[in-house]
Amino acid sequence: MQLVAYLNFPGTAREAMDFYAEALGGKVTQRFTYGQSPMGEQMSEPDRDKVMHSQVEVGSALIMGADGPSPHEAGSTTVNVMPDTPEEAERIFHALAAGGDVTMPLEETFWAHRFGALTDRFGKHWMVNCLKSM
């Protein structure tokens, strides 16, 4: 399992993640926009070009980010937990959600076997992200 910082931006994720890749000597290994997602047609025209997900790899280290939609205000940080199995994702998600607020129920998505988001009882943002091979 990995714990990965997930940075939210106010429409500057592409520029910021490119900057981090260059500054840290890594590379952008994933990036897609809201318009490229299955919900792309439902997005407003300006939001379609915003980054839904971006990943920079530096050796074995990762940093992830996006143009944060509500409820994740731009500038906030989310801890992204990446368990190896859907079962472990379920266990972790439900444990972290106890006494907190689920902002996106844990379910299968086009990129993950399980993905969900929550704010824990201490007000911290979490994502549980059991990725599919891309």
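**A close look at the packing**

Modeller: Let's start with Phe9, which is buried at a relative accessible area of 10%. Here buried means under 20% relative accessible area, exposed means over 50%, and partly exposed is in between, using a 1.4 Å probe and protein chains only. Keep in mind that this is a predicted model: local features need pLDDT of at least 70 and side-chain atom pairs count only at pLDDT 80 or more, while totals for chains, interfaces and linings use all residues. Residues are numbered from 1 along each chain as its sequence is written, and side-chain values use heavy atoms, with hydrogens and water left out.

Now for the rings: there are 5 aromatic pairs in the structure. In one of them, Phe9 and Tyr20 have ring centres 6.4 Å apart and planes at 40 degrees, a tilted arrangement. That pair connects distant parts of the chain, with Phe9 in strand 1 (residues 2-9) and Tyr20 in helix 1 (residues 13-24), 11 residues apart. To count as a pair, rings of Phe, Tyr or Trp (its six-membered ring) need centres within 6.5 Å; planes under 30 degrees apart are stacked, over 60 edge-to-face, and the rest tilted. Helices (H or I, at least four residues) and strands (E, at least two) are DSSP runs, numbered from the N terminus.

Another pair, Phe110 and Trp111, is edge-to-face, because the planes sit at 85 degrees, with the centres 5.1 Å apart. Phe110 is partly exposed at 37%, whereas Trp111 is buried at 13%. Both belong to a cluster of linked ring pairs that also takes in Phe32 and Phe115.

Back to helix 1, where Tyr20 sits. Its 12 residues reach 16 Å from the first C-alpha to the last, close to the expected 16 Å; the expected span is 1.5 Å times one less than the number of residues. The buried residues of helix 1 are Ala13, Ala16, Met17 and Ala21. They lie on the same side of the helix, because they cover an arc of only 135 degrees around its axis. That arc is taken from the directions that run from the helix axis to the C-beta atoms. On the face turned away from the buried side you'll find exposed Glu15, Phe19, Glu22 and Ala23. The cover over the buried residues includes strand 1, strand 2, strand 3 and strand 4.

Those strands deserve a look too. Strand 2 (residues 27-33) and strand 3 run antiparallel and are joined by 6 bridges; strands count as paired if DSSP finds at least two bridges between them. Gln30, for example, has Gln55 in strand 3 as its bridge partner. Strand 3 also pairs with strand 4 (residues 61-67), antiparallel again, over 5 bridges. These two make a hairpin with 2 residues between them, where Gly59 in the turn has a positive phi of about 60 degrees. Strand 3 (residues 51-58) is mostly covered, with 6 of its 8 residues buried.

Finally, the nonpolar cores. A nonpolar core is a set of buried Ala, Val, Leu, Ile, Met, Phe, Trp, Tyr and Cys residues joined through side-chain atoms within 4.5 Å. The largest has 14 residues, and Tyr6, Met52, Met64, Trp111, Phe115 and Met127 touch the most other members. Strand 1, strand 4 and strand 7 (112-119) each give two or more residues to this core, and strand 7 has the largest share, with 3 residues. Leaving out residues up to four places away in sequence, Tyr6 touches Met52, Met64 and Met127, among others; contact means heavy atoms within 4.5 Å. A second, separate core of 10 residues includes Phe93, Leu118, Trp126 and Val128.

Phe93 turns up again in helix 3, whose buried residues are Ala89, Ile92, Phe93 and Ala97. These share one side of helix 3, because their arc around the axis is only 125 degrees. Strand 5 (77-82), strand 6 (101-107), strand 7 and strand 8 (125-131) are included in what covers them. As a general point, nonpolar side chains tend to be buried together in soluble globular proteins.
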